[in-house]
Amino acid sequence: MENLNLKKSIGNTELCYRYLYPRLTVLVTSGSVEKPNAITIAWSTPLSVDPPLIGILITKKRFSHKIIAHNKDFVINIPDLSHVKGCFHVGSVSGKIEPDKVKNAGFTVEKSEKINAPRIKECRINIECTLENIITTGDHDLFVGKVIHTSIDSKIEDDWAFDLKLFQPVYWRQSKDLKETFQLDV
Ligand SMILES: Cc1cc2nc3c(=O)[nH]c(=O)nc-3n(C[C@H](O)[C@H](O)[C@H](O)COP(=O)(O)O)c2cc1C
């Protein structure tokens, strides 16, 4: 068996979250078609199958925090590798400072099927949620979304979800310059 004594003690427990990367990265839209905002989110998680609940974690200082808490809905848009540059733009500048950031990042918004928050046209999967609850967990707040409607481009579907040969989601790895993503090997 491998010598486990070679393990180095990191000590600083605040850094431990870094070992939970890489993570699927999504774009969460809020607001309206006329005044959209988006945030890049690496901290998202399924919370329940029935009822269908998904959680996203947002710090209080984000503009999206304010908009979603007020409007009570949001869309989880799943980008692919062609959208990496746009993901970094959306995730580097606040909509409070750059009101046109969604457009400037190369994305178009359109009306969602069931909720007021807009969805991103270029993303081939859109999950529409209404806000069920906000739970403060620490320095992030957990926004609990109830899934109201999901759309997927039928061209990328397989018999379970999507075919990884036809659709490569963005996986982000926390790094010093914050700009490292990679493709799953399929
Ligand atoms: C790849 C990536 C992942 C991110 N994940 C999160 C996250 O999970 N939660 C969060 O609060 N901010 C996250 N951020 C930071 C926000 O996306 C960023 O601060 C954004 O500009 C906030 O926009 P807003 O102020 O318009 O809401 C992430 C940024 C990047 C680049």
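Predicted model: local features only at pLDDT ≥ 70, side-chain atom pairs only at ≥ 80, totals over all residues.
## Starting at a hairpin

Strand 4 and strand 5 run antiparallel and are joined by four bridges. A hairpin takes you from strand 4 to strand 5 by way of four residues.

Now zoom out. Seven strands make up an open sheet with antiparallel pairing, in the order 3-2-6-9-10-5-4. At the edges sit strand 3 and strand 4 (44-48), each of which pairs on one side only. On average, neighbouring strands in this sheet are turned by 35° against each other, ignoring direction.

Elsewhere in the sheet, strand 2 (residues 26-31) pairs with strand 6 (residues 73-78) in the antiparallel sense, over three bridges. Leu27, for instance, has Asn77 in strand 6 as its bridge partner.

## A helix across the strands, and the core

Helix 1 lies across several strands: strand 2, strand 3, strand 5, strand 6, strand 9 (125-136) and strand 10 (141-152). Its angle to strand 2 is about 55°.

The largest nonpolar core counts 32 residues, and Leu27, Val28, Ile76 and Val90 have the most contacts inside it. Among the elements that each supply at least two residues of this core are helix 1, helix 2 (84-90) and strand 9. Strand 6 gives the largest share, four residues.

Which residues does Val28 touch, leaving aside those up to four places away in sequence? The list is Ala38, Ile39, Ile41, Ile56, Ser64, Phe74, Val75 and Ile76.

## Around the ligand

The ligand is surrounded by 22 residues, and the closest are Phe63, Ser64, Gly91, Ser94 and Gly95. Ser64 is one to remember, as it is also among the residues that Val28 touches.

Where does the shell come from? Strand 3 (36-41), strand 5 (53-58) and helix 1 (63-71) each supply at least two of its residues. The largest share, four residues, comes from strand 3. By type, the shell around the ligand splits into 11 nonpolar, nine polar and two charged residues.

Key
Residues numbered from 1 in each chain as written. Near = placed C-beta within 6 Å. Nonpolar A, V, L, I, M, F, W, Y, C, P; charged D, E, K, R; others polar. Pairing = 2+ DSSP bridges. Axes fitted to C-alpha atoms, helices over the stretch in contact; angles between N-to-C directions. Contact = placed C-beta atoms within 7 Å. Core = buried A, V, L, I, M, F, W, Y, C linked by C-beta atoms within 7 Å. Buried ≥ 20, exposed ≤ 12 C-beta atoms within 10 Å, placed from the backbone.
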